[in-house]
Amino acid sequence: MTSSTPTLRNVAAEAGVSPMTASNALRGKPGVRESTRAKVLAAAKKLNYRINLTASMLKSGRSNIIHVIVNEFDSPFYSKLTQALSNEIVSRGLIPFIEQTQYSPDAAEHALSSNPFSGQLFDGEILHATGLGTNVPLAKLNGGRPFVLLDACEEMPTVDAVNFPNEEAERAAMQHLIDRGCRNIAIVGHRFAPRADLAHAQNAFALRLRGACGALSDAGLPYDESMVFEAGDVANGIIAGHAIAERILAARSGHGGTEFDGACCANDFAAFGVIRGLADRGLRVPQDVKVIGFDGVTSGSYTTPALSTIQVDFTQLAKFSVDMLSERIDHGTDEALPPRRAIIGYQLVDRESTAV
């Protein structure tokens, strides 16, 4: 007689797989085909099977809970990032636990080392590293637990990392503006740094600045401090937009300045601000200034004008991150598995803000 409470063996029989395969599928372990994982999850749902977390932890030493730490929740970029990570984690039968740091290195360190669940409840952790700085001992932050950093950008990886295509994609964004006929192009994002200093860039915005510089150099176009405006969000993007507009208007009136005809922005939020700032001064996008962003947040397709952007592959980022973390969880502290780095793909989305 079948027990009223479904067991793992019931799920395995329903899915037509072995109990071991069913267990691996439900726990998100690598090496299980996606079609098989889907069958097992469907069988578990049909039978109303629930993993007994306490019993599972006692038996396996694992909770199947993945700790995700990001800078904030209230932005389109982080909405897409956390959605992609959450979807990937859940699809593997695991549980996401998500918290924010508000861009504070101290809060990130607390989340990793002082959270009351750290080291007890989480099997592994995924952290978006922007804002941590290069002086933070990344490899020591979480006490040696399985750990993946997003956009760590270390020259020599000390931990597993999945990075955005910062330099390559920003080079493509700048090249897009050059191909559209722009010759005086503002760079909006990281503060100015001489080319030589960018040789050892170790954060996302500096790498994007290096990519933009590379495209300018290849095209024989200038790069100097007067072209660079520091901005990473809408508010500072508006300030940059005002400054760019004032330089254009000064040039047109014969009072010096630079008649910028393009703006290459290090993220979409800054690009939104630049477009607003230019409009405040009576300048139009793309007629007066062509603008391109980076990230590919959904709202960029609804703005006026719709924003051209570098659309990064969030789905691939989530898959790489969870794959890497799962492998690290399975290896434990095995030093034979050295720190790894992966860079996700992108595509350039050509919209109204760079139209000819």
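Helices (H or I, at least four residues) and strands (E, at least two) are DSSP runs, numbered from the N terminus. This is a predicted model: local features need pLDDT of at least 70, side-chain atom pairs count only at pLDDT 80 or more, and totals for chains, interfaces and linings use all residues. Residues are numbered from 1 along each chain as its sequence is written, and side-chain values use heavy atoms, with hydrogens and water left out. The model holds an open sheet of six strands and 19 salt bridges.

**Open sheet**

- Strands of a sheet pair through backbone hydrogen bonds, either parallel or antiparallel.
- Here the strand order is β2-β1-β3-β4-β5-β11, and the pairing is parallel.
- The edges are β2 (95-100) and β11 (341-343), each of which pairs on one side only.
- Two strands count as paired if DSSP finds at least two bridges between them.
- On average, neighbouring strands of this sheet are turned by 20 degrees against each other, direction ignored.
- Axes here are lines fitted to C-alpha atoms, for helices over the stretch in contact, and angles run from 0 to 180 degrees between N-to-C directions.
- Three bridges connect β5 and β11 in the parallel sense.
- Val162 stands opposite Ala342 in β11.

**Loop between β4 and β5**

- Ala152 sits in the loop between β4 (147-150) and β5 (160-163).
- Ala152 is buried, at a relative accessible area of 10%.
- The classes are buried under 20% relative accessible area, exposed over 50%, and partly exposed in between (1.4 Å probe, protein chains only).
- Ala152 and Gln202 are 50 residues apart in sequence, yet 7.8 Å apart in space, C-alpha to C-alpha.

**Packing of α9 and α10**

- Helix α9 (residues 234-252) packs against helix α10 (residues 268-280) at an angle of about 40 degrees, with the axes 6 Å apart.
- The two helices are therefore oblique to each other.
- Angles under 35 degrees count as roughly parallel, over 145 as roughly antiparallel, 65 to 115 as roughly perpendicular, and the rest as oblique.
- The crossing of α9 and α10 is right-handed.
- A crossing is right-handed if the near helix is turned clockwise from the far one by less than a right angle, and left-handed if anticlockwise.
- Residues of α9 in the contact include Val234, Gly237, Ile238 and His242.
- On the α10 side, Phe269, Phe272, Val274 and Leu278 are among them.
- Contact means heavy atoms within 4.5 Å.

**Salt bridges**

- Side chains of opposite charge can pair when their charged atoms come close.
- A salt bridge is a side-chain nitrogen of Lys or Arg within 4 Å of a carboxyl oxygen of Asp or Glu.
- Glu34 and Arg37 form one, at 3.6 Å from N to O.
- Both residues lie in helix α3 (residues 34-47), three residues apart, about one turn of the helix.
- Glu167 pairs with Arg210, the closest N and O atoms being 2.8 Å apart.
- This pair links distant parts of the chain, 43 residues apart: Glu167 in helix α7 (residues 166-179) and Arg210 in helix α8 (residues 204-218).
- Glu167 is partly exposed, with a relative accessible area of 27%, and Arg210 is also partly exposed, at 22%.
- Glu259 meets Arg252 in a salt bridge of 3.0 Å, N to O.
- Glu259 is partly exposed at 39%, as is Arg252 at 42%.
- Shared partners join the salt bridges of Glu88, Arg92, Lys319 and Asp323 into one network.

**Backbone geometry**

- Val285 and Pro286 are joined by a cis peptide bond, with omega about 10 degrees.
- Pro286 lies in the loop between α10 and β9 (290-295).
- Another cis peptide bond runs from Thr304 to Pro305, with omega near -5 degrees.
- Pro305 lies in the loop between β9 and β10 (308-312).
- Asn48 is a residue other than glycine with positive phi, near 60 degrees.
- Asn48 lies in the loop between α3 and α4 (53-60) and is partly exposed, at 49% relative accessibility.
- Asp295, also not a glycine, has a positive phi near 130 degrees.
- Asp295 lies in strand β9 and is buried, with a relative accessible area of 7%.
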